Every structure is written in C-alpha cells, then in structure tokens.
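User: Please go through this model with me in questions and answers. I would like the cut-offs stated along the way.

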Amino acid sequence: MRIIFDAVGGIGKNIAATVIVKLLKNKYPDSHLTVLSSYPEIFENNPNVNELDHINHRSGHFWRGLDYDKILVQDPYHHTDLITKKSHLIEAWAKIYDLDYNGEKPEMFFTDEEEQSFQFQGNKPIMVLHPNGGTETELYNYNWSRDLPEYIVNEVINKYKDEYDIYHIKSSTQRITYSNTIVADYDIRTIAMLIMQSDKRLFIDSFAQHLATCLDKPSTVCWITTSPSEFGYEIHNNIIRAPYEINQEFTCYEGYNLIEPLALMPWTSNKKIFNLDQILNTI
C-alpha cells in the first residue's frame with residue numbers, strides 16, 4: 001500500500017503530525033508512507049517515514065503517475081470537534097483517518113552527531129524563553145491574543161539573569177528583543193538541541209512547547225486564547241489566562257485567526273491577563 005500524508009501548516013502543527021505518522025504506520029505497517037511537509041526537517045530520521053519531501057512539491061507527487069492507495073490531505077483545523085473545542089488537535093486528526101489514538105506524544109529523532117555537535121552549556125545553566133509567536137509579531141510586534149506581555153518577560157529575565165544564560169527563541173525577522181538575553185534565531189533542529197540542554201523553560205502556545213514535549217522537557221506554558229486541551233500536553237505546567245473582563249467579538253481561535261488588534265483585548269490592561277507571581281513561582 002502506498003500512502004501520502006500531507007502535513008501543511010506551522011511548525012507546531014507539523015510536530016504534532018509526527019503522532020499521525022506513527023499511528024498510520026501502526027495501522028498500515030507494510031505501507032510505503034510518503035510525508036509532504038511544510039517543515040521536512042521535523043521528520044528527518046523518523047523510522048515511520050519511507051519518503052520525505054517539501055509540501056511545495058505536492059503536485060509532482062500527485063501527478064507523476066504513482067498509484068497511491070491513500071492520499072491524506074484533510075486539515076484537522078476544519079474538523080467539527082476541534083472547532084467546537086471537544087478534541088485535541090491530534091485526536092481530531094486521528095479521527096479523520098480512523099486511527100487509534102491513545103495519547104501518544106509527538107516525537108523527533110536526532111543523530112548522535114547532532115546531539116554532540118551543538119553544545120550551548122557555558123558557565124551557567126540554560127533558561128529558554130519563547131514569549132512571542134511568529135508572523136503575528138512581525139506584523140504587530142505585540143499580539144495580546146498569543147504573546148506574553150513584555151513586562152512579564154522582563155520580570156522573568158530580571159529574576160534569573162544572574163543565575164542563568166537566558167536564550168530568547170525568535171525569528172530573525174521579529175523586531176522584539178530583550179536585554180540580558182541571547183538571541184536564539186536558529187533552525188528548528190538546533191533549537192531542539194538548545195531546549196534539550198536547558199534547565200528552565202517559559203513558553204507560549206507555539207512550536208517550542210511542542211518541541212519540549214518531544215524531548216520530555218516539562219515547561220511552563222502560558223495560554224491566552226488557545227488552550228492546552230486543544231493544543232497542549234499534560235507534561236507541561238500549563239498556566240491559563242485570567243477570565244475576560246470585557247465581552248468582545250474577537251475571532252481568535254474562536255475561529256482560525258491568531259491575530260487580534262489591541263482594541264479588542266478583553267481586559268482593561270495587559271497586566272490583567274496573567275498572575276505574574278504564579279508564573280515566577282512555577283518556572
């Protein structure tokens with residue numbers, strides 16, 4: 001049996017898709033599984049993958065004359081149970097393809113050479129921060145619906161800067177920076193090595209919390225308009241935002257949009273979103 005599995009979307013979604021790849025191989029152990037991914041590096045060395053290519057080459061695979069038995073391209077973001085917040089992303093994805101999901105975690109596979117090549121440890125232990133999302137911050141610099149307020153990030157840095165080397169995971173195109181941190185604008189697999197070697201971690205709902213799950217690195221993860229029941233993992237210390245103070249007609253993952261203007265923030269101040277002491281005491 002020849003199967004194509006389409007993993008289009010962001011880094012975190014692709015990391016979650018490693019579970020679907022495993023479940024497909026469990027159900028069809030003798031299949032030839034081709035994975036088309038927006039981030040093929042996530043699936044490198046994965047023993048469940050027989051063939052790997054970038055999603056941009058999708059048409060070539062579909063029309064090159066191969067007789068595929070299954071072409072799996074459905075998007076779990078369109079599944080009823082995810083839209084209505086009844087299922088986790090991975091669970092909804094598994095339901096689409098009638099796969100037996102029992103809480104398996106995402107996984108990535110690294111060579112000994114990779115693990116030995118990237119050594120970040122200096123004279124201090126490592127702390128890793130991922131306080132801002134992707135394209136949202138490139139456009140708006142701060143996106144209340146996803147990002148940690150800057151004052152929280154600075155309070156965390158001030159508390160730990162003397163004891164830890166603090167790495168700030170960010171895209172090279174993101175404008176926001178923080179004093180007393182080391183910019184970590186590395187590729188995905190190098191960031192994984194950084195997280196693997198870290199002692200403390202503070203993340204939002206973005207790809208780093210998925211990576212930490214792969215690596216069995218319990219982290220503090222802060223949730224604003226998404227929730228761990230949809231996109232998170234029990235391995236982490238999941239901190240949920242405070243109740244909304246204002247009823248707003250925003251759409252963010254109350255639909256599919258993770259970009260929301262400040263005028264629609266449902267609190268009177270971004271200092272009302274989280275309890276700072278709770279975050280400081282649980283990292």
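Predicted model: local features only at pLDDT ≥ 70, side-chain atom pairs only at ≥ 80, totals over all residues.

Analyst: Residues are numbered from 1 along each chain as its sequence is written, and side-chain values use heavy atoms, with hydrogens and water left out.

User: In what order do the 6 strands of the open sheet lie?

Analyst: Strands are DSSP runs of E with at least two residues, helices are runs of H or I with at least four, and both are numbered from the N terminus. Two strands pair if DSSP finds at least two bridges between them. The edge strands, each pairing on one side only, are β7 (182-184) and β10. The pairing is parallel, and the order is β7-β6-β5-β8-β9-β10.

User: What is the average twist from one strand to the next?

Analyst: Angles run from 0 to 180 degrees between N-to-C directions, with axes as lines fitted to C-alpha atoms, for helices over the stretch in contact. From one strand to the next, the twist averages 20°.

User: Which strands does helix α8 touch where it packs on the sheet?

Analyst: Contact means heavy atoms within 4.5 Å. Helix α7 also packs on the sheet, touching β5, β6 and β8, and its direction makes about 175° with that of β5. For α8 (residues 188-196), the direction makes about 150° with that of β6, and the strands touched are β5, β6, β7 and β8.

User: Which residue of β10 is the bridge partner of Cys222?

Analyst: Strand β9 runs parallel to β8 (residues 200-204), joined by 3 bridges, and Leu202 stands opposite Thr220. Strands β9 and β10 (residues 237-240) also pair in the parallel sense, over 4 bridges. The partner of Cys222 in β10 is Ile239.

User: What handedness does the unit of β8, α9 and β9 have?

Analyst: A crossover is right-handed if, with the strands pointing away from the viewer, the path from the first strand over the helix to the second runs clockwise. The β-α-β unit made by β8, helix α9 (residues 207-214) and β9 is right-handed.

User: How many residues of α9 are buried?

Analyst: The buried residues of α9 include Phe207, His210 and Leu211. After the helix comes Asp216, with a positive phi near 55°. Helix α9 is largely enclosed by the rest of the structure, because its buried residues number 8 of the 8.

User: Where does His168 lie, and is it buried or exposed?

Analyst: His168 touches, among others, Leu129, Pro131, Asn132 and Tyr178, not counting residues up to four places away in sequence. Its place is in strand β6. With 1% relative accessibility, His168 is buried.

User: Why is the pair of Phe120 and Tyr167 edge-to-face?

Analyst: Rings of Phe, Tyr and Trp (its six-membered ring) pair if their centres lie within 6.5 Å; planes under 30 degrees apart count as stacked, over 60 as edge-to-face and the rest as tilted. The count by this rule is 8 aromatic pairs. For Phe120 and Tyr167 the centres are 5.9 Å apart and the planes are at 85°, so the pair is edge-to-face.

User: How many residues apart in sequence are the parts that this pair ties together?

Analyst: Phe120 and Tyr167 are both buried. Because Phe120 lies in the loop between α5 (112-117) and β5 (126-130) and Tyr167 in strand β6 (residues 165-169), the parts tied together are 47 residues apart in sequence.

User: How many residues apart are Trp144 and Trp267?

Analyst: Trp144 and Trp267 form an edge-to-face pair, 6.1 Å centre to centre with 80° between the planes. Trp144 lies in the loop between α6 (135-140) and α7 (150-160) and Trp267 in the loop between β10 and α11 (276-282), a separation of 123 residues.

Key: Buried < 20%, exposed > 50% of the residue type's maximum accessible area, 1.4 Å probe, protein only.
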